[in-house]
There are 2 protein chains.
Amino acid sequence: MRIGAIEAGGTKFVCAIGSQDGEILERITFPTTTPDETLNQVDVFFREHKVERLGVGAFGPINLRAVSEHYGTIGKTPKLAWRDFPLLQDLKSRLKIPVFIDTDVNVASLGEYNYGVAKDAGSCLYITVGTGIGAGFVQNGIIFQGYDHSEMGHILIQKHPEDSFEGACPSHNTCLEGLAAGPAIETRYGKKSTNLADQDDVWELEAYYLAQAIMNYFVILSPEKIIIGGGVMKQEKLYPMIRKQFINLLNDYIEVKDVNQLILAPALNDNQGVKGAIALAMQE
Amino acid sequence: MRIGAIEAGGTKFVCAIGSQDGEILERITFPTTTPDETLNQVDVFFREHKVERLGVGAFGPINLRAVSEHYGTIGKTPKLAWRDFPLLQDLKSRLKIPVFIDTDVNVASLGEYNYGVAKDAGSCLYITVGTGIGAGFVQNGIIFQGYDHSEMGHILIQKHPEDSFEGACPSHNTCLEGLAAGPAIETRYGKKSTNLADQDDVWELEAYYLAQAIMNYFVILSPEKIIIGGGVMKQEKLYPMIRKQFINLLNDYIEVKDVNQLILAPALNDNQGVKGAIALAMQE
Ligand SMILES: Nc1ncnc2c1ncn2[C@@H]1O[C@H](COP(=O)(O)OP(=O)(O)O)[C@@H](O)[C@H]1O
Ligand SMILES: Nc1ncnc2c1ncn2[C@@H]1O[C@H](COP(=O)(O)OP(=O)(O)O)[C@@H](O)[C@H]1O
Ligand SMILES: [Zn+2]
Ligand SMILES: [Zn+2]
């Protein structure tokens, strides 16, 4: 069986054809312009490759309330052309195959759970630290979801006493995303984050916030693996800084055998989204 | 069928006999002394009433990792006589009936989910604010658990800029429990919390912390109902204060139709523990 996969992002749609064991056979990228233009290209690609099912990891917010008549519809996104667009319905009526959808981070988490660093674990939390911050939790192969999908990037944490930045989240100012996503770093220091690479204090502060967030996710969800990806984590020195601060914060309250095996980088090399979408399509 | 239920607390064991529809037929309380003394009394009570299954909501920490050979064993509790005590095994070998165990808050959550304020909802988070702070999440009738049980009371939140209290959690100082559990309130003000009833600023600060915690639980778990119980919540003015501060913090990021239907007091009148234990015993 040939399976279609989309990682539907705010700047590009990554489309792939996969095999049932998660191998990627083809991969192509289309820019995210208008729904009509982007989805016409998507449509042509998947018809050509005769896929039988499709999995989608989508940017949000997206309605994922099982009971809703708007299930699979994009919500109040700043990308106005996509606001209220019924993405799931549109793909179904174009392709006439089963289509399955979830948030980009949930699907990335499913990818790492099935084929990546968490493939031998019972659960994993996948956190992305990029333009925004989000996280998805997978346990026993199932994407965690409450009444609606999680918005884990918007938790409130302790602000560093010497950080005078007023925060960049339009809704909460100093929530985690407002203090620690890429744009927050760049606004705080007035520089591109790549130009801050040598400044250790920048990344110690970043680790201070991410370690707190991980502490909160850890005591609430108790994941077996915690994977942190996204553009900001290209600064690889963050991993040891985060591990150290997390262990200090946790202070042995819960036993962690080896923090190097708990907090990890992604393994799928920017393919966690499409690989997760393949797994999603096969799941149901 | 007659079902046994225990709410095993640090000061007392509440034991009950229930019917299959969650009705309590008998109820008795034994002080928590040594395992041997307390469990002898428990044993006699349940044999007398010929229960066929037993559900237990236990104080912790308790090992609930399905794969562990110490499943159901008490961990590093300050109650030294109970440290490393194999509670589940002991009850099973005494009574020779199926015994099911989970944390006190998880079981209380199951009680409210099945018979209380959340009985028509798909999920509920039950928070207790007492000597400690803990919370349990039930979704579709199943108690949520990751690799190990949650320790939601120990999340980190923003400290109030005018609160100079150094925090009361022996492990994390100013985690939620360290700032907002009963002993934290009493240490901060040097008075019994019942003697602070008239001081509005005390409860506004308490609501400030609890509203942040609820914000974090809400964006991570997306529960349909949030129930707050425990000794501190006897100050009923806290409910409207918490609702108001939570709605301000959330700032419409996620739609909440009616916060009065989201954040609620428990309905089971201190029986959520034993009622939840009845439900737990029938579940598996
Ligand atoms: N090498 C890098 N070092 C630090 N930050 C980076 C680096 N590359 C990208 N970023 C940050 O990551 C953000 C983009 O995140 P990314 O995950 O690539 O995209 P998105 O979140 O939009 O999918 C930018 O805001 C930028 O600040
Ligand atoms: N009426 C009250 N008003 C405010 N706080 C109270 C009240 N009653 C008890 N408390 C607080 O609640 C705590 C006990 O919580 P409780 O839930 O009754 O017990 P536990 O958590 O030990 O099971 C005490 O620390 C006390 O500070
Ligand atoms: Zn926010
Ligand atoms: Zn703590």
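Predicted model: local features only at pLDDT ≥ 70, side-chain atom pairs only at ≥ 80, totals over all residues.
## Basis

Local features need pLDDT of at least 70 and side-chain atom pairs count only at pLDDT 80 or more, while totals for chains, interfaces and linings use all residues; side-chain values use heavy atoms, without hydrogens and water. Residues are numbered from 1 along each chain as its sequence is written, with chains lettered from A and ligands numbered from 1 in the order in which they are written.

## Zinc site in chain A

The zinc ion (ligand 3) has four protein donors: His154(A) (ND1), Cys169(A) (SG), His172(A) (ND1) and Cys175(A) (SG). They coordinate at 2.1 to 2.4 Å. Donors are N, O and S atoms within 2.8 Å of the metal (3.2 Å for Na, K and Ca); water is not among the atoms, so sites may look incomplete. The angles among the four donor atoms run from 104 to 121°, and the site is tetrahedral. For four donors, that term requires all angles to lie between 85 and 135 degrees. The ideal angle for four tetrahedral donors is 109.5 degrees.

Along the sequence, the donor residues of ligand 3 are spaced H-x14-C-x2-H-x2-C. His154(A) and Cys169(A) are 15 residues apart, both in the loop between β8 (142–143) and α4 (176–180) of chain A. Helices (H or I, at least four residues) and strands (E, at least two) are DSSP runs, numbered from the N terminus. His154(A) has a relative accessible area of 2%, so it is buried. Cys169(A) is buried at 3%. Buried means under 20% relative accessible area, exposed over 50%, partly exposed in between (1.4 Å probe, protein chains only).

## Zinc site in chain B

The zinc ion (ligand 4) is held by His154(B) (ND1), Cys169(B) (SG), His172(B) (ND1) and Cys175(B) (SG). These donors lie 2.1 to 2.4 Å from the ion. Their angles of 104 to 122° make the arrangement tetrahedral. The spacing along the chain is H-x14-C-x2-H-x2-C.

Cys169(B) is buried at 4% relative accessibility. His172(B) is buried with a relative accessible area of 9%.

## Aromatic pairs

Over all chains, the structure holds 19 aromatic pairs. Phe45(A) and Phe46(A) have ring centres 5.2 Å apart and planes at 65°, so this pair is edge-to-face. Rings of Phe, Tyr and Trp (its six-membered ring) pair if their centres lie within 6.5 Å; planes under 30 degrees apart count as stacked, over 60 as edge-to-face and the rest as tilted. Both Phe45(A) and Phe46(A) are buried.

Phe30(B) and Phe45(B) also pair edge-to-face, at 6.4 Å centre to centre and 75° between the planes. This pair links distant parts of chain B: Phe30(B) sits in strand β3 (residues 24–31), and Phe45(B) in helix α1 (residues 35–48). Phe30(B) and Phe45(B) are buried. In chain A, Phe13(A), Phe59(A), Trp82(A) and Phe85(A) form one aromatic cluster.

The residues around ligand 1 include Gly130(A), Thr131(A), Glu186(A), Lys234(A) and Gln235(A). A polar side-chain atom of Thr131(A) lies 2.6 Å from an oxygen atom of ligand 1. For Glu186(A), a side-chain N or O atom is 2.9 Å from an oxygen atom of the ligand. Gln235(A) places a polar side-chain atom 2.8 Å from a nitrogen atom of ligand 1.

Ser222(A) lies in the loop between α6 (200–221) and β9 (225–229) of chain A. Its relative accessible area is 6%, so Ser222(A) is buried. The side chain of Ser222(A) reaches the backbone nitrogen of Asp148(B) at 2.8 Å.

Definitions and conventions
Tetrahedral: all angles 85-135°; square planar, octahedral: opposite > 155°, others 65-115°. Near = heavy atom within 4 Å. Polar contact = N/O pair within 3.5 Å; in protein donor to acceptor, adjacent residues only side chain to side chain.
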